[in-house]
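Biologist: Please take a close look at one part of this model for me. I would like to see a single residue first, then what surrounds it.

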Amino acid sequence: MKRDQAAGGAFIVLAGFVIFESRKLPFGSLSDPGPGYWPVVLAVALAAFGLAVILLGTASPRLAASEWSGSRKAIAILGACAFVALALDRLGYRLTMVAVVVFLLGVVERKHPLLVATAAVALSFGTHYLIDHLLNVPLPRGPWEL
Amino acid sequence: VEETLHGLALGFSVALSPGVLAYAVVGCIVGTAVGVLPGLGPLAGISLLLPVSFGLQPTTAIVLLAGIYYGAMYGGSTTSILMRIPGEAASVMTCIDGYEMTRRGRAGAALAIAALGSFVAGTVAVVGLMLLAPPLADFALRFGPPEYAALLVLGLLVLAAMSGGSMAKALAMATLGLLLGTIGIDTMTGFFRFGYGVTELGDGLGVVPVAVGLFGLSEILLAAEAEAPPSPKPPPFRELWANKEELKEAAAPTLRGTLIGFLVGIVPGSAHILASFVSYAVERKLSKRPEMFGKGAVAGVAGPESANNAAACGAFVPMLALGVPSGPIPAVMLAALMVHGIAPGPLLIDQQPELFWGFIASMYVGNLVLLALNLPLVGIFVSLLRIPYYLLYPAVLVFCCLGVYAVSSSTVDLWIMTGCGLLGWVLRKLDFEVAPIVLGLILSPLLETSVRQSLAMSSGSYAIFVDRPIAAILLGVALLLFLLMVRPARKAAT
């Protein structure tokens with residue numbers, strides 16, 4: 001399968017999903033559109049453009065030719081972002097950021113523990129001071145006030 | 001003209017008084033500092049520092065906020081150029097070629113061109129604001145929902161027509177952005193669309209988490225996959241500035257960007273966001289080397305940066321002349337004035353000449369302060385690139401999370417950033433441009449509301465889009481553009 005054909009196919013599937021989900025919203029009429037009208041119109045347009053991408057993309061590279069072998073590190077970084085989203089309100093800003101920097105520098109990059117500890121503390125406590133104290137934007141503190 | 005010059009003299013006497021001047025300088029410094037933080041843009045900067053202005057005189061307050069605004073705009077460009085992280089929607093286009101210039105060792109030149117372009121655009125647009133505010137505001141008032149809908153459709157098509165890659169792909173991306181923009185509460189009926197029980201999605205997907213995810217996070221993910229980490233070359237000191245050739249290359253795009261930005265900026269609503277996108281598209285079309293766009297074209301930085309700043313000035317026309325804010329930032333500034341008991345509008349010039357002309361003069365002063373402040377700082381900003389990448393990317397990631405969270409103190413925004421990072425990573429690997437998604441996301445609620453309001457005005461008749469001359473002309477141009485786009489695409493397919 002070609003790269004553009006896969007992408008175009010994904011757009012058509014997404015368009016189908018949006019149309020399916022829009023059934024819960026009143027469509028209204030063409031002259032008096034309801035809240036379901038606009039998403040359906042856009043989904044139809046997305047499906048049409050997806051089809052155009054498929055038809056025009058016959059010369060695109062094969063999907064299998066895309067390089068995904070180095071994706072483990074990228075997935076680890078995405079995991080770190082998801083962890084921040086999950087832990088920020090529960091653990092507090094400073095503790096969460098210390099954990100993230102330790103994970104990225106210590107586990108993913110395998111740097112010296114002293115460098116890891118220094119960077120983790122400096123980044124999390126430094127940014128907390130800047131935003132929470134100087135700019136007065138309250139950041140979550142968590143159960144241990146961290 | 002005599003009256004204008006007299007007013008301007010009064011304005012300069014206010015703006016150059018030590019107290020007001022000091023606040024202009026402080027505003028520019030604070031704004032730049034906030035804007036340089038990845039993910040924090042002018043809106044976040046002004047909102048965070050708004051309470052500080054409450055205890056000041058009205059003129060000083062508005063001068064301080066304007067300084068923060070310009071400073072943050074420039075600061076946002078810095079992170080766009082050095083790290084590919086836009087602080088707000090207007091910096092999205094600067095990311096593309098600005099970051100490529102950084103990768104080629106021309107970070108200093110890109111920052112200098114951005115600073116000079118912003119200065120020229122800001123200064124020229126202030127002249128426009130001063131001379132043309134009343135008549136332009138009158139013209140802008142003719143823009144009702146049908147004209148606005150037509151303008152937005154044209155803007156989307158201009159972007160698709162002039163994007164370097166496939167038109168079908170660009171339109172698919174813009175439509176995906178428009179679809180993402182339907183998430184949240186429908187402003188006309190109150191229906192919660194695609195919320196799935198997440199109340200934080202009521203206001204829709206925020207531009208900052210989406211832009212930071214699609215640009216900044218996806219860049220980190222792509223770099224993580226590479227065998228060798230990216231090592232943008234920090235330029236040696238004598239190459240820190242733009243060379244003669246680069247300055248020459250930037251001159252015409254700067255002037256075109258200024259004109260485009262100012263004209264787009266005066267339209268009430270949030271059309272000014274289109275300015276940098278349209279400017280980028282125009283520069284790519286006019287360039288003798290369009291293949292350089294996306295690979296570090298000087299015009300790709302100079303045009304959008306100038307357009308962005310000119311639009312920022314243009315956006316003050318409807319705010320000052322009509323009392324109509326043309327986006328969230330002028331709205332916050334309008335609120336600041338109202339806190340002081342001042343209602344901007346047609347009577348402002350007569351009733352508060354010191355404030356009006358002082359504000360205008362402070363724009364000149366602010367632009368000059370920013371130039372004086374930022375050109376020497378180029379070296380310091382560029383030295384960030386000397387930090388090893390394994391230390392830089394965790395720091396950038398922390399700032400991205402912080403910037404995204406700080407906008408509305410919601411972890412839902414962090415999930416959105418993560419999701420958009422994944423989406424941007426996959427799309428960029430599949431050779432799709434992600435900028436049209438951001439534009440679509442921003443324009444979606446405006447476009448939908450304009451279309452539905454137009455239909456309500458015409459009792460359901462679509463003829464309203466062709467009966468009104470401005471809307472008909474704009475849609476005619478859009479149709480012509482679409483047909484011109486379809487022909488080469490069909491040729492390529494056959």
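Modeller: Start with one cut-off: a residue counts as buried when its relative accessible area is under 20%. Keep in mind that this is a predicted model.

Now take Val451(B). Its relative accessibility is 13%, so Val451(B) counts as buried. Val451(B) sits in helix 19 of chain B, which covers residues 435-457. What does Val451(B) touch, once neighbours within four places in sequence are left aside? The partners are Ala149(B) and Phe465(B). There is also a distance to note. Tyr462(B) is 11 residues away from Val451(B) along the chain, and their C-alpha atoms are separated by 9.3 Å.

Next, follow helix 19 itself. Helix 19 of chain B packs with helix 9 of chain B, residues 207-225. Their axes are 10 Å apart, and the angle is about 170°. An angle over 145 degrees counts as roughly antiparallel, so helix 9 of chain B is roughly antiparallel to helix 19 of chain B. Which residues meet there, in helix 9 and helix 19 of chain B? Helix 9 brings Val207(B), Val210(B), Ala211(B), Leu214(B) and Phe215(B). Helix 19 brings Ala435(B), Ile437(B), Val438(B), Leu441(B) and Ile442(B). By class, this contact of helix 9 with helix 19 has 10 nonpolar residues, no polar ones and no charged ones.

Phe194(B) lies in the loop between strand 2 (192-193) and helix 9 of chain B. Phe194(B) is not a glycine, yet it has a positive phi of about 50°. Is Phe194(B) buried or exposed? Its relative accessible area is 16%, so Phe194(B) is buried.

Arg110(A) is not a glycine either, and its phi is positive, about 55°. Arg110(A) lies in the loop between helix 4 (93-108) and helix 5 (113-134) of chain A. Its relative accessibility is 70%, so Arg110(A) counts as exposed.

Back to chain B for another helix pair. Helix 2 (residues 18-36) packs with helix 16 (residues 353-382) at about 40°, with their axes 10 Å apart. That angle makes helix 2 of chain B oblique to helix 16 of chain B. The crossing of these two helices is right-handed. On the helix 2 side, the contact includes Leu21(B), Val25(B) and Cys28(B). On the helix 16 side, Val365(B), Gly366(B) and Val369(B) are among the residues. The contact of helix 2 with helix 16 has 10 nonpolar, 3 polar and no charged residues.

Now step back to the whole of chain B. It has 21 helices and 2 strands. Of its 494 residues, 64% are buried. Among contacts in chain B with a separation of 6 or more, 79% join residues 24 or more positions apart.

Last, see how chain B meets chain A. The contact takes 63 residues from chain A and 62 residues from chain B. The area buried between the two chains is about 5400 Å². Carbon and sulfur atoms give 81% of that area.

Conventions. Residues are numbered from 1 along each chain as its sequence is written. Chains are lettered from A and ligands numbered from 1 in the order in which they are written. This is a predicted model: local features need pLDDT of at least 70, side-chain atom pairs count only at pLDDT 80 or more; totals for chains, interfaces and linings use all residues. Side-chain values use heavy atoms; hydrogens and water are left out. Helices (H or I, at least four residues) and strands (E, at least two) are DSSP runs, numbered from the N terminus. Buried means under 20% relative accessible area, exposed over 50%, partly exposed in between (1.4 Å probe, protein chains only). Contact means heavy atoms within 4.5 Å. Axes are lines fitted to C-alpha atoms, for helices over the stretch in contact, and angles run from 0 to 180 degrees between N-to-C directions. Angles under 35 degrees count as roughly parallel, over 145 as roughly antiparallel, 65 to 115 as roughly perpendicular and the rest as oblique. A crossing is left-handed if the near helix is turned anticlockwise from the far one by less than a right angle, and right-handed if clockwise. Ala, Val, Leu, Ile, Met, Phe, Trp, Tyr, Cys and Pro count as nonpolar, Asp, Glu, Lys and Arg as charged, and the others, Gly among them, as polar. Buried area is the accessible area (1.4 Å probe) that two parts lose on being put together, summed over both.
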